[in-house]
Amino acid sequence: MREAIDEFRRFQRDKEMNSQLYSKLTVRGKVQVKSSDIQVGDLIIVEKNQRIPSDMVFLRTSEKAETPSPFLWIIQMIQNLPQVQLLPQLTKCQLCPLLYVCSCFIRTDQLDGETDWKLKVAVSCTQRLPALGDLFSINAYVYAQKPQLDIHSFEGTFTREDSDPPVHESLSIENTLWASTVVASGTVIGVVIYTGKETRSVMNTSNPKNKVGLLDLELNQLTKALFLALVALSAVMVTLQGFVGPWYRNLFRFLLLFSYIIPISLRVNLDMGKAAYGWMIMRDEHIPGTVVRTSTIPEELGRLVYLLTDKTGTLTQNEMVFKRLHLGTVSYGTDTMDEIQNHVIVSYSQTQSQASGNNASSTPPRKAQSSAPKVRKSVSSRIHEAVKAIALCHNVTPVYESRAGGTGETEYAEVDQDFSDENRTYQASSPDEVALVQWTESVGLTLVSRDLASMQLKTPSGQILTYHVLQVFPFTSENKRMGIVVRDESTAEITFYMKGADVAMSTIVQYNDWLEEECGNMAREGLRTLVVAKKSLTEEQYQDFESRYSQAKLSLHDRALKVAAVVESLEREMELLCLTGVEDQLQADVRPTLEMLRNAGIKIWMLTGDKLETATCIAKSSHLVSRTQDIHVFRPVTNRGEAHLELNAFRRKHDCALVISGDSLEVCLKYYEHEFVELACQCPAVVCCRCSPTQKAHIVKLLQQHTGRRTCAVGDGGNDVSMIQAADCGIGIEGKEGKQASLAADFSITQFKHIGRLLMVHGRNSYKRSAALGQFVMHRGLIISTMQAVFSSVFYFASVPLYQGFLMVGYATIYTMFPVFSLVLDQDVKPETALLYPELYKDLTKGRSLSFKTFLIWVLISIYQGGILMYGALVLFESEFVHVVAISFTALILTELLMVALTIRTWHWLMVVAEFLSLGCYLASLAFLNEYFGIGRVSFGAFLDVAFITTLTFLWKVSAITVVSCLPLYILKYLKRKLSPPSYSKLTS
């Protein structure tokens with residue numbers, strides 16, 4: 001029933017997601033359609049910050065930013081020749097098919113976990129149509145390959161048949177918009193090629209499995225043991241009877257008589273308990289917004305050994321903040337940024353006054369600084385140069401949002417835009433670059449506009465500086481740096497700026513004695529470092545470089561190598577300007593939460609789709625890897641031999657964290673799966689970068705198979721859904737980028753820090769309470785079966801029931817249900833103690849609260865108490881034997897109530913109410929249900945005399961039996977707490 005309710009809720013959540021509205025383009029104009037009604041071939045319009053509903057080919061955009069086409073540099077080269085003036089009067093849009101490719105940015109962190117924005121290019125054939133409606137006036141079709149897993153590749157063609165000759169345009173990954181990504185700029189129009197189960201995002205998620213908790217599996221084992229005990233006991237009874245008469249009939253009668261050994265009410269009690277735990281978790285004011293989506297496994301939260309977490313949006317906010325600027329001799333942090341601002345204001349006011357003084361006589365361009373004698377620069381001029389370099393060396397474009405709310409066709413129309421500071425946002429493929437440009441704006445140097453050929457900076461005084469962009473060398477994962485050559489319009493100086501990772505830049509910049517040390521210091525703080533350098537070029541030097549660069553780009557063989565060699569000729573003896581430190585802001589309280597989980601004995605693995613350097617930085621800054629630990633970066637391996645050597649190198653390391661890429665992991669798992677998992681499990685922390693969604697799920701399954709321990713996966717994006725569903729316990733964080741992970745998870749939280757309380761407090765309580773509840777329900781059935789066995793043994797192994805009808809039903813329900821179920825309110829330690837001493841969690845993972853040992857102890861208790869109650873009743877009431885049923889049953893109820901009191905560790909007022917309510921119900925049934933207990937007639941196999949049960953004799957004899965059955969257990973519990981107290985009692989005493 002409860003599973004059906006969970007499934008219905010999932011269905012409602014899916015329906016909510018599938019009912020999101022999108023604009024569909026038809027011959028009659030735009031119509032609104034639900035995302036579930038979108039079909040292949042539909043033309044869908046997706047607005048900025050809207051999620052893409054299905055896999056599409058990108059036909060057209062309203063975005064103003066254009067990207068240079070491969071032909072542009074040829075025409076620029078010809079235009080730069082003095083004797084040629086080509087196409088002077090043509091606009092960008094007229095040149096669009098040849099020179100400019102209209103594009104937009106999308107965010108893919110829900111698909112692949114990467115934080116960089118991806119540039120997507122529209123099909124030029126449809127982009128250059130004059131109006132949006134013209135899409136219906138052409139006769140064209142798209143060919144797409146069959147659906148496949150790989151999110152990084154696509155092959156297709158776009159064919160327009162009504163032109164002469166027909167236009168064929170090849171389609172690649174840059175022309176696609178995959179489902180679950182988000183449009184970051186402009187409005188896009190796409191044609192749907194895959195929907196539903198054929199989309200890349202769905203193909204990369206595994207089918208969810210029905211999760212069963214470890215505690216349920218353990219209780220199932222114990223129930224099987226009880227069933228075997230039932231059969232064995234019945235067989236023993238028939239054997240002792242001597243197989244007289246139809247013995248098989250007697251066997252079945254004994255099976256029915258002892259059937260209370262099987263705890264039928266166990267499942268009902270546990271399911272009600274689980275519902276109560278879920279309600280308590282959702283009502284906990286310390287973790288607001290937490291939702292329990294799978295109510296069958298709250299105990300799993302108390303048994304976890306491995307926690308596998310995503311990085312982007314889970315540990316980090318994916319918001320970059322500039323933290324540190326280091327100039328070699330002086331370092332500036334967040335508290336001293338105002339000093340930089342003052343230096344920038346002063347230096348630009350000086351250059352402005354010099355410029356106004358020089359305006360009278362136009363001066364020729366100065367020679368490059370490198371030829372001038374080196375003089376020690378002042379701190380002010382060094383800051384000026386560093387800030388200018390950071391403001392120029394990037395691929396950031398400022399975007400001004402139109403205040404008008406219209407979303408009409410404004411692709412080439414000039415709309416009224418507000419160029420004020422408040423209305424400006426920055427667009428880039430990397431959040432690091434945006435953080436740097438935002439920082440230069442905060443210290444006074446603002447990027448106000450940028451196009452393909454130039455960019456403009458605004459100084460603190462409001463003056464606009466224009467720089468012509470001559471060359472851009474983009475960042476790649478191989479070169480780990482980006483460069484730009486600019487010409488200052490006012491002075492005609494040409495400068496080559498470059499920034500990149502310290503490993504790439506250390507050999508390029510001039511000799512210095514501080515870069516390596518400071519990079520190490522910043523990395524230990526968890527900052528992402530970039531080294532910024534420059535080189536001044538003369539006109540002759542630049543022209544020489546450009547001619548060689550153009551020739552290299554025209555070569556047909558080894559073009560990439562030749563181009564790289566020409567650029568490297570420029571990257572020599574560069575002047576080191578500064579070192580920047582940017583922090584990817586962590587989620588609130590990530591460090592103390594990870595520290596708490598580590599102290600609790602939970603091993604944390606970070607699985608991310610992001611780059612190796614970024615992942616390593618976050619592992620350090622979040623203290624996933626502690627300061628004292630070394631990090632072993634697993635070198636890229638491609639074959640069995642390399643994997644073998646690298647695994648041997650790793651085996652020699654002790655107590656060090658492992659960082660490995662998805663490709664290397666794939667190779668290791670192919671050839672040395674067992675060895676790799678064994679080594680990785682010994683590491684205090686593991687970081688896997690460049691992981692695909694299916695790889696994440698595969699790692700979870702590997703840990704489950706090889707270790708047999710409970711795993712928990714935490715994520716916030718669509719790329720984490722497979723991992724969350726594969727883990728024993730999935731936790732989804734409601735992020736900025738939608739609710740996919742949250743909806744697919746077993747538990748949904750709003751912040752990573754809530755995991756600490758969820759596991760340490762609620763996980764602990766759920767497991768301990770369910771273990772106590774399960775064993776007590778078994779004890780309740782065993783004790784009454786023991787009494788039945790003793791009764792039958794005394795009366796020559798007769799298969800006659802001791803208690804009948806109402807008493808048996810009442811025993812499992814109204815007389816004992818409330819006190820037994822009140823165990824779900826019990827707790828062994830206060831929440832504050834559980835959070836203060838996370839080491840207590842280690843005991844839970846050993847599973848000592850419910851094991852065959854504890855089960856056997858409860859079996860022995862049941863046999864002892866059942867024997868005492870029955871024999872005591874028979875011995876003490878020989879003269880009043882007709883009353884033996886009522887007497888033994890009264891002692892049984894009192895024993896059960898006292899045993900609940902013995903089991904409870906922390907009293908709750910509802911527990912006291914439950915105890916007295918049950919006792920009151922039993923007394924009331926003795927007094928008022930006389931048609932059942934009938935005076936003077938046979939009922940329940942005995943006579944019940946109300947006059948007798950109110951006598952002192954009855955009371956003291958019942959009390960004596962109850963004391964003998966319970967007092968030894970109270971004494972044993974007291975001695976155990978004194979001689980061998982549990983770990984938590986030492987903290988609470």
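Helix 29, residues 884-903, has 20 residues. Its first and last C-alpha atoms lie 28 Å apart, close to the 28 Å expected at 1.5 Å a residue; the expected span is 1.5 Å times one less than the number of residues. Helices (H or I, at least four residues) and strands (E, at least two) are DSSP runs, numbered from the N terminus. Buried means under 20% relative accessible area, exposed over 50%, and partly exposed in between (1.4 Å probe, protein chains only).

This is a predicted model: local features need pLDDT of at least 70, side-chain atom pairs count only at pLDDT 80 or more, and totals for chains, interfaces and linings use all residues. Residues are numbered from 1 along each chain as its sequence is written, and side-chain values use heavy atoms, with hydrogens and water left out.

Next, the nonpolar cores. Such a core is a set of buried Ala, Val, Leu, Ile, Met, Phe, Trp, Tyr and Cys residues joined through side-chain atoms within 4.5 Å. The largest has 77 residues, and Ile-731, Phe-747, Leu-758 and Leu-759 touch the most other members. Helix 23 (residues 754-794) gives the largest share of this core, twelve residues. Apart from this core lies another, of 42 residues, among them Met-320 and Ile-484.

Phe-747 has contacts (heavy atoms within 4.5 Å) beyond its neighbours within four places in sequence, including Ile-281, Val-292, Leu-301, Ile-731 and Leu-758.

Past helix 23 comes Ser-799, in the loop between helix 23 and helix 24 (806-812). Ser-799 is buried, at 8% relative accessible area. Leaving aside neighbours within four places in sequence, it touches Asn-250, Arg-253, Phe-254 and Leu-257.

Six strands form an open sheet in the order 2-1-3-13-4-11, with antiparallel pairing. Two strands pair if DSSP finds at least two bridges between them. Strand 2 (29-34) and strand 11 (176-177) stand at the edges with a single partner strand each, so one side of each has no neighbour in the sheet. Strand 4 (residues 55-61) and strand 11 run antiparallel, joined by two bridges. Val-57 has Thr-176 in strand 11 as its bridge partner.

The loop between strand 3 (43-46) and strand 4 holds Asn-49. Asn-49 is exposed, at 51% relative accessible area. Its C-alpha atom is 5.2 Å from that of Val-183, 134 residues apart along the chain. The side chains of Asn-49 and Arg-107 make a polar contact (3.5 Å).

Terms used. Polar contact = N/O pair within 3.5 Å; in protein donor to acceptor, adjacent residues only side chain to side chain.
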